[in-house]
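Here is a friendly walk through the pockets and the ligand site of this model. Have the structure open as you read along.

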Amino acid sequence: MTAHIIDGIALSRQLRADVALRAAALRARGVVPGLAVILVGENPASQVYVRNKVKACEDSGLHSVLERYPATLGEAELLARVEALNRDPAIHGILVQLPLPAHIDAHKVIEAISPAKDVDGFHVASAGALMVGQPGFWPCTPYGCMKMLESIGYDLKGKHAVVIGRSNIVGKPMALMLLQKNATVTVCHSGTQNLKAMTLQADVVVAAVGKRNVLTADMVKPGAVVIDVGMNRNDEGKLCGDVDFDGVKEVAGWITPVPGGVGPMTITMLLVNTLEAAEMAPTVAHSA
Ligand code: NAP
């Protein structure tokens with residue numbers, strides 16, 4: 001058996017077309033959805049991520065502002081910038097690219113973002129809203145995974161979902177989203193004994209670890225849906241996920257590739273969150 005591929009690029013294209021339409025409707029009312037991205041320091045991966053996010057905004061008719069600061073920027077200065085963006089009516093979403101330099105308390109900075117502009121969904125208020133099932137911004141990566149499941153018409157009710165990884169930005173919110181859709185959820189982590197015994201029971205596996213080949217064909221139930229969040233490099237230096245794609249695709253029913261799977265969906269959901277922040281903003285803010 002060869003699994004169906006869940007194509008994150010094609011799905012992103014569809015969702016971004018919808019974002020562009022809704023952005024155009026807002027523009028017609030004098031509101032230009034605006035995202036501010038703050039990058040501190042010279043981390044090469046962060047520079048690529050930030051560039052991709054800004055370009056995606058431009059392509060979908062969203063206004064974006066990229067603020068770059070040297071790694072020596074003080075915490076108080078960064079907090080002051082976030083406060084200013086909180087007050088700026090032309091900005092509907094604020095994203096502080098992580099990681100931040102060690103002398104800056106990232107938690108403090110994220111908590112300084114207004115929850116109404118927390119389009120990354122990392123604020124404690126957003127996490128709490130997800131936890132109790134209230135409206136709020138969902139973190140983009142697990143939100144994108146949910147959209148991928150939705151795109152294949154997968155009904156999670158009564159299914160067993162196994163999430164490998166429990167980070168605050170992927171694993172934990174992923175588990176809560178799956179739970180909200182009535183899956184029975186198991187969360188695995190580095191302390192899990194016999195990961196294979198867990199994953200073999202799973203109808204859906206989400207791998208969010210950051211290690212190659214965490215999930216191999218012998219660990220997957222035939223027909224299962226496999227979502228690969230991981231981003232790693234193989235021996236040739238090429239991007240790969242946590243899942244042994246070539247092996248697992250022969251057992252799974254559905255699988256996401258890397259690249260071209262969850263990665264593009266993460267940026268797409270950032271656009272969706274920013275657009276929705278603009279749609280919910282109380283005042284007509286900005287016209288370009
Ligand atoms: P993270 O904060 O490092 O968390 C990794 C998780 O994996 C931890 O909970 C850890 O357990 C668990 N883990 C480590 N080794 C394990 C093992 N052998 N078996 C089971 N669990 C294990 O990473 P993250 O930020 O969640 O990101 C995970 C991966 O997704 C990374 O490759 C990252 O680059 C990628 N990612 C991709 C996107 C995208 O857009 N595609 C977005 C975000 C992240 P403990 O908690 O016990 O340490």
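## Pockets and ligand shell

The second largest pocket lies between domain 1 (30-114) and domain 2 (140-263), because both domains give residues to its lining; the domain bounds come from an automatic or database domain assignment. Please keep in mind that this is a predicted model, in which local features need pLDDT of at least 70 and side-chain atom pairs count only at pLDDT 80 or more, while totals for chains, interfaces and linings use all residues. Residues are numbered from 1 along each chain as its sequence is written, and side-chain values use heavy atoms, with hydrogens and water left out.

A pocket here is an open set of points on a 1 Å grid over the protein atoms alone, where a 1.4 Å probe fits, with protein on both sides within 12 Å along at least five of seven lines; lining residues have an atom within 4 Å of a point. Grid points are joined across faces, edges and corners, and a volume is the space filled by probe spheres set on the points.

In the second largest pocket, Gly121, Phe122, Ala127, Asn168 and Ile169 lie nearest the centre. At least two lining residues come from each of α4 (106-112), α5 (124-132) and α7 (171-180); helices are DSSP runs (H or I, at least four residues), numbered from the N terminus.

The largest pocket also lies between domain 1 (30-114) and domain 2 (140-263), since both contribute to its lining. The two pockets look like this:

| Pocket | Volume | Lining residues by class |
|---|---|---|
| Largest | about 1,100 Å³ | 25 nonpolar, twelve polar, seven charged |

Helix α2 gives the most to the lining of the largest pocket, with nine residues.

Now for the ligand. Among the 19 residues around it, Arg166, Ser167, Ser190, Lys211 and Thr266 come nearest, where near means a heavy atom within 4 Å. The protein buries 70% of the 930 Å² that the ligand exposes when taken alone, by the Shrake-Rupley method with a 1.4 Å probe. Helix α10 (residues 262-280) supplies the largest share of the shell, three residues.

Notes:
Nonpolar A, V, L, I, M, F, W, Y, C, P; charged D, E, K, R; others polar.
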